[in-house]
Amino acid sequence: MSSQSQAAPAVLGVGILGAGPVTQAIHLPSLSRLQDILEVRHIMDVDPAVAESVANRVGAAFSTSLDELLADPSVDVVAICSPHQFHAAQVIAACRAGKKAVLCEKPFAMSGDEAASISAVSAETRVPIIVGAMHTFDPGWLAAEAAWGDLPEQVHTIRSSIVLPLNPRFEDFASEIVGRTPMPARDNTDPEVIKALLTGGVMGLAIHDLPLVRRFTSDFAAVEVLHAEIVKPFGYVISLRAGHVTIELRAAMNSTWEPSWVLEAIGDDTSLSIDFTPSYVHAGSAIARIMTSRTTTVLGPFGHNGYEGEWRKLAEVARGIGTAPSADTLIHDLEFALAIAEAATARVDDQATTRQEATV
Ligand SMILES: NC(=O)c1ccc[n+]([C@@H]2O[C@H](COP(=O)([O-])OP(=O)(O)OC[C@H]3O[C@@H](n4cnc5c(N)ncnc54)[C@H](O)[C@@H]3O)[C@@H](O)[C@H]2O)c1
């Protein structure tokens, strides 16, 4: 069934798969500000107590079954907020159910094969897909993109620097969380754990900015990781080259008093520096600065952030207004992230071998 085969109602019904902290602290507060266009109608979680409690907050139906949510005729658009490993199958099921659009939390797949299957189903069903890499929908970023001229052709250095408290701190500021899964204790001196933490850092955190980084790296397929290490209790320092661009990805999640999330793209005579609001925080958009040797142009803050931006975009594409990012864009964004994660974990092995050789 085509997604556009029936006219969209004035207020679109939202169904949410997975009602964990991200649904509770990010999406429900965002949707509460968008009630003129979107209404939460159905919440599904495999934990019945979580499904019921979260649904009751917004007066929605609840269930523990994907099929039940997809069969609910009051659900026009579906948001996928379950753990990573379920995303691909749930996106495909939502497209096949003939919903008007799908919002999938990042990452929308965990392999190139999964991404290709999603792309094929999206092309066949023509259901638009939005991936919740929220910075790509932040009005501060969009204003910078419209104003930066030839910056992408001249960028040689990119820095993504993230310092944040661990997620529960911000989740608790935003809402009273039910059903939180505690972080498992791990031996982060074990090389296999280090590799899993690096992959988690890239696919879970760096991935927010990698679609933005890719705007400045046309040669994104040729990734060479020069250095990769984890930061305790959670974070990473990864240096890489993509084509002729040098990229620094740094993240530290700790008990910081001052959160900071900055992306810089530095060119020969123009630079961009963009300050994003931290994840989970609902306080307007990023502020972008475009600098030359003579001028600084400040863009933002605007009234809403990327979370609200992605929901607005979802509502538009569900109505056939504007276009969702192309399947190629989503697949290339994912391939870029997977290539960095893979090369970073391989670098950990190389660094361990070099250290062993040095001690012999
Ligand atoms: N956009 C952001 O800023 C941001 C921040 C953190 C996490 N995320 C992403 O959001 C997603 C959810 O994160 P979270 O912290 O709420 O995760 P979580 O794992 O803590 O919670 C997910 C919820 O999904 C439920 N669940 C488990 N299996 C399910 C299934 N098969 N179908 C439906 N529900 C299922 C769990 O019971 C839990 O309530 C993840 O993909 C994560 O990467 C996004």
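Tutor: Two strands pair if DSSP finds at least two bridges between them. Please keep in mind that this is a predicted model.

Student: In what order do the six strands of the open sheet stand?

Tutor: The order is 3-2-1-4-5-6, and the pairing is parallel. Strand 3 (61–63) and strand 6 (129–132) are at the edges; each has a single partner strand, so one side of each is left without a neighbour in the sheet. From one strand to the next, the twist averages 25 degrees.

Student: How many bridges join strand 4 to strand 5?

Tutor: Strand 4 (residues 77–80) and strand 5 (residues 101–105) run parallel and are joined by four bridges. Val77 stands opposite Ala101 of strand 5.

Student: Is Tyr280 buried or exposed?

Tutor: A residue is buried if 20 or more other C-beta atoms lie within 10 Å of its own, and exposed if 12 or fewer do. Tyr280 has 23 such atoms within 10 Å, so Tyr280 is buried. Its place is in the loop between strand 12 (271–275) and strand 13 (287–291). Phi of Tyr280 is near 75 degrees, a positive value in a residue other than glycine.

Student: Why does Arg126 count as exposed?

Tutor: Arg126 counts as exposed because it has 12 C-beta neighbours inside 10 Å. Arg126 lies in the loop between helix 5 (112–125) and strand 6, and its phi is near 60 degrees, also a positive value in a residue other than glycine.

Student: Which residues come nearest to the ligand?

Tutor: Of the 25 residues around the ligand, Gly18, Gly20, Val22, Ser82 and Glu105 come nearest. Helix 1 (residues 21–32) gives the most to this shell, with three residues.

Methods. Residues are numbered from 1 along each chain as its sequence is written. This is a predicted model: local features need pLDDT of at least 70, side-chain atom pairs count only at pLDDT 80 or more; totals for chains, interfaces and linings use all residues. A residue is near a molecule or strand if its C-beta atom, placed from the backbone, lies within 6 Å of it. Helices (H or I, at least four residues) and strands (E, at least two) are DSSP runs, numbered from the N terminus. Axes are lines fitted to C-alpha atoms, for helices over the stretch in contact, and angles run from 0 to 180 degrees between N-to-C directions.
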